[in-house]
Amino acid sequence: MGDGVLYIRPFMSTPKRYYIETYGCQMNVADAELMGGVLRREGHVRVDDPAEAEVVIVNTCAIRDHAEQRVIGRIGQLNRHKLERGGVRLGVAGCVAKELGKELLELAHVDFVIGPDGYRHLPEVLERVDTGERVVLDRFNRSENYEDLEPYRLERGAAWITIMRGCDKFCSYCIVPFTRGREKCRSAAGILEEVRRAVDDGAKEVTLLGQNVNSYCAGEWEFPDLLAAVARVEGLGRVRFTTSHPWDFTQRLVDTIAADPVICRHVHLPVQSGSDRVLAAMRREHTVAWYRERVAMLRESIPDCAISTDVIVGFPGETEDDFQATLELMSEVRYNSAYVFIYSPRPHTPAAALIEDHISHDVAVDRLERLNEIQRGIGARYLLDKVGTIQGVLVQGEARRGEGRMSGWTEQRETVVLDGGPELTGQILPVRVTGLSGITLHGEVVGHATSAVMELPLLAIS
Ligand code: SAH
Ligand code: SF4
Ligand code: F3S
């Protein structure tokens, strides 16, 4: 490509309209944007409706059996549309693609199956599909970090930035190490460059993503170093990160969060269980005491830091006493939010062999409801305490219901609905919280976004 010469890459396959439907975690959302970037570079065009698309991709999640069955049902449905319309290529991406591989070809008339390490090759895959081939690309690639690929972001104000892929923890219940492979970290330079580009394109907030984000390590760079460097990127208003593992959660990380107001005071720190016996069977690496220490470290240095968590109930062998210990831990920590899941046996995982310790579905549902009930009270109290305070809100777009209303989120990721027009989109504004309905805060803008970081009053104003 010489100076001044316009180089146009010939299309490998004719440009098509593509539609990607994403399930699962934020890593999958980020991967959908990555696939979008790869496809757009080849001239393909994104559409929001599968009925208008020539390429339909279901980007799947395998974390629990229910999630998997749901996407399999959806693939069947889209397959029927495909057969009715003709000329449509149907593909499966994400974790179920990796888990089931070529089995998916038998499940529906799927044209291609592409695992989480194969997205760079989407154009060749489509080209091969054009010639009538059915393609399965589900191998792991230890060196694939998509460093050089530009995602096609669907949101302006907030950007997902994947900093590491895969997981080395092998918790005994979890399929992720088998669908995403071993941990691999991107270079700090590449990540910082991507953050700068996102900010240039209008992002005020970035979320650093990894299944185990705080175990990030690349050369001299550990996670706190990277976080601090991202927070210093000119023009960035907020950085958040997810998901943190308690084992890799250090005082240095806490100090890093405390030192820079650009870093959100919100940490998602999954505990899974409040019982050491269950944690050991889950192979979580941490004990309850270790976890309590991490919470104490956070609360000591950053008293206003919100902590959210994930919990699994009905793990094989979980007794009522084990469960009570989880209830107690939740009452003690007072999470701002908690996601409670019923244990689901997954292929390849050691816990799936613990059949004789199976907990009945009714008992598991009962435990789920009891935890949710306690958490509902704690969460509601936490939100009510925000009424009357001033919060920084990143305005995201028009509220779903009600004209002339916008919606955005706080530093702790709570949704806020406020009066205003689309001109507010993409700004972080000071908002007085005036009320609460369900889990949605209501508020009014009380000032301008003068700089990326606002100094917010610490005291509630009533
Ligand atoms: N890497 C993150 C999150 C992984 S998946 C972490 O370690 O915390 C998100 C959540 O799904 C997990 O935190 C866990 O609570 C839940 N989960 C994972 N496997 C599960 C299974 N087999 N059954 C039920 N819940 C599961
Ligand atoms: Fe799964 Fe455990 Fe890895 Fe989280 S840390 S992704 S729960 S194996
Ligand atoms: Fe699901 Fe895969 Fe994420 S199993 S939770 S989409 S890593």
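Colleague: How do the residues of the shell around ligand 1 divide into nonpolar, polar and charged?

Modeller: Bearing in mind that this is a predicted model, the shell around ligand 1 divides into 7 nonpolar, 4 polar and 4 charged residues.

Colleague: And which residues come nearest to ligand 1?

Modeller: There are 15 residues around ligand 1, and those that come nearest are Tyr173, Gln211, Gln272, Asp310 and Ser344.

Colleague: Which atom of Gln211 lies 2.6 Å from a nitrogen atom of ligand 1, backbone or side-chain?

Modeller: For Gln211 it is a backbone N or O atom that lies 2.6 Å from a nitrogen atom of ligand 1, and Ser344 likewise places a backbone N or O atom 2.8 Å from a nitrogen atom of that ligand. With Arg64, by contrast, a polar side-chain atom lies 3.2 Å from an oxygen atom of ligand 1.

Colleague: How much of the accessible area of ligand 1 does the protein cover?

Modeller: On its own, ligand 1 has 540 Å² of accessible area, and the protein covers 90% of it. As for elements, those that give two or more residues to the shell are β15 (306-313) and β16 (337-342).

Colleague: Moving on, which residues are around ligand 2?

Modeller: The list for ligand 2 includes Cys167, Cys171 and Cys174, along with Tyr173, Gln211, His245 and Arg284. By class, that shell comprises 7 nonpolar, 3 polar and 2 charged residues.

Colleague: What surrounds ligand 3?

Modeller: Ligand 3 is surrounded by Cys25, Asn28, Thr60, Cys61, Ala62, Ile63, Cys95, Arg180 and Gln211, a shell with 5 nonpolar, 3 polar and 1 charged residues. Gln211 therefore turns up in the lists for ligand 1, ligand 2 and ligand 3, taking residues within 4 Å as the criterion.

Colleague: Changing topic, in what order do the 6 strands of the open sheet come?

Modeller: The order is β2-β1-β3-β4-β5-β6, with parallel pairing, and the edge strands, each paired on one side only, are β2 (45-46) and β6 (135-137).

Colleague: How many bridges join β4 to β5?

Modeller: Strand β4 (residues 89-94) is joined to strand β5 (residues 112-114) by 3 bridges, and Gly91 has Phe112 in β5 as its bridge partner.

Colleague: Which strands does helix α1 lie across?

Modeller: Helix α1 (residues 26-41) lies across β1 (17-22), β3 (55-60) and β4, running at about 170° to β1. Helix α5 (residues 122-130) lies across β3, β4, β5 and β6, and its angle to β5 is about 165°.

Terms used
Residues are numbered from 1 along each chain as its sequence is written. Chains are lettered from A and ligands numbered from 1 in the order in which they are written. This is a predicted model: local features need pLDDT of at least 70, side-chain atom pairs count only at pLDDT 80 or more; totals for chains, interfaces and linings use all residues. Side-chain values use heavy atoms; hydrogens and water are left out. Ala, Val, Leu, Ile, Met, Phe, Trp, Tyr, Cys and Pro count as nonpolar, Asp, Glu, Lys and Arg as charged, and the others, Gly among them, as polar. A polar contact is a pair of N or O atoms within 3.5 Å; within protein, one must be able to donate a hydrogen and the other to accept it, and residues adjacent in sequence count only if both atoms are side-chain atoms. Accessible areas come from the Shrake-Rupley method with a 1.4 Å probe; for residues, only the protein chains shown count as cover. Helices (H or I, at least four residues) and strands (E, at least two) are DSSP runs, numbered from the N terminus. Two strands pair if DSSP finds at least two bridges between them. Contact means heavy atoms within 4.5 Å. Axes are lines fitted to C-alpha atoms, for helices over the stretch in contact, and angles run from 0 to 180 degrees between N-to-C directions.
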